[in-house]
Amino acid sequence: MLKIEHLIIKGAGRTLFKRKYIFIAIFLAMVLVLSACSGKDSEADSGTITVSGKEFTEQLIMTHILAEYLKANTDLDVEVEEGLGGSFVVHEALEKGDIDMYVEYTGTGYISVLDKEFEPGTDPDVFYEETKEGYMDEFNIKWLKPLGFNNTYTLAMRSDHAEELGVETFSDLKEYSEDLILGGTPEFHERDDRYDELSEVYGFNFKDNAVLDPDLMYQAVNDGEVDVITAFKTEPKIDEYDLTVLEDDKNFFPPYDAAPVVRQEVLDANPDLEDTINLLAESGVFSDETMSKLNGKVNTEGKKEKDVAIEFLKEHDLID
């Protein structure tokens, strides 16, 4: 930062000299400030976009899906910042203009970022619109169309057990809950109201509930150590262990519908960009099952996230 020194100048003859150098110093300071403030916007104007995401498998895959799709379908110079951090780190980077877009989840955006309270039973479409409106009002960040998968909490059982009981929805569990053990992650049980609220909404009265490590939870239900678990809908172990995902028919858990979020300045600088990205959602290629399989290609088969992303896009003719 330029520092304008105060000059002690005597005599009227040097007054003009002093003003001249003060004016130059002020002019240079303004140039530096304007240059610093316009740095990211000039990048957007020049056709550069930075795609990022969080640091877990699904986010790494989606970062590369967005990046490779944009490389193939736009003239933008696409940069990738994969695995940038957790929700707050990535959101702050987007808000500051260090990155331009990533995939976020409505539940995270509404509850964690906007700091609003979710009301069980809220329609997912209404939830999305309220999240979208909140981001635009507070951050000038736009939520584009939901991609088609929802990585929320759910309840899951062994498929043979669910079929035996005739259970398809959360409500169906009510009459059997007294004979069943519920297993959940520490995060699920650490919230004092989560288990109580779930039981109240659906009338559950489980025989017992167990706190389980997320990595061991799916194995536990598969082995019959517990009967029901609080799973994540796009977890690849659901397919691996042939589990049945039950329908949250009263919308108790917040939706975590995935959608690209983009700085409005970037969309303004690239008028066709929004429509191009929205074609991904309109293609109908994403679903909970699809993301579960893509996650499994990385976590189970050991493939690299970028390779999985490119293979997926080519399979659906979204890139050449």
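K297, E301, K303 and E311 are joined in a network of salt bridges. That comes from a predicted model, and a search through the whole structure turns up twelve salt bridges. Side chains of opposite charge can pair when their charged atoms come close.

| Pair | N to O distance | Relative accessible area |
|---|---|---|
| K54 and E104 | 2.6 Å | K54 3%, E104 0% |
| K145 and E282 | 2.6 Å | K145 39%, E282 47% |
| E265 and R263 | 3.8 Å | E265 32%, R263 5% |

Take K54 and E104, whose side chains meet in a salt bridge. The two sit in distant parts of the chain, 50 residues apart: K54 belongs to strand β1 (residues 48-54), while E104 belongs to strand β3 (residues 101-105). Buried or exposed, where does K54 stand? At 3%, K54 counts as buried, and E104 is buried too, at 0%.

Now for K145 and E282, another salt bridge between side chains. K145 is in the loop between β4 (141-143) and β5 (153-158) and E282 is in helix α13 (residues 273-282), so this pair ties together parts that lie 137 residues apart in sequence. K145 is partly exposed at 39%, and E282 is partly exposed at 47%.

Last up is E265 with R263, where the side chains meet at 3.8 Å, N to O. Here E265 is partly exposed, whereas R263 is buried, because its relative accessible area of 5% falls under 20%.

Notes: Residues numbered from 1 in each chain as written. Predicted model: local features only at pLDDT ≥ 70, side-chain atom pairs only at ≥ 80, totals over all residues. Heavy atoms only, no water. Salt bridge = Lys/Arg side-chain N within 4 Å of Asp/Glu carboxyl O. Helix = DSSP H or I, 4+ residues; strand = E, 2+ residues; numbered from the N terminus. Buried < 20%, exposed > 50% of the residue type's maximum accessible area, 1.4 Å probe, protein only.
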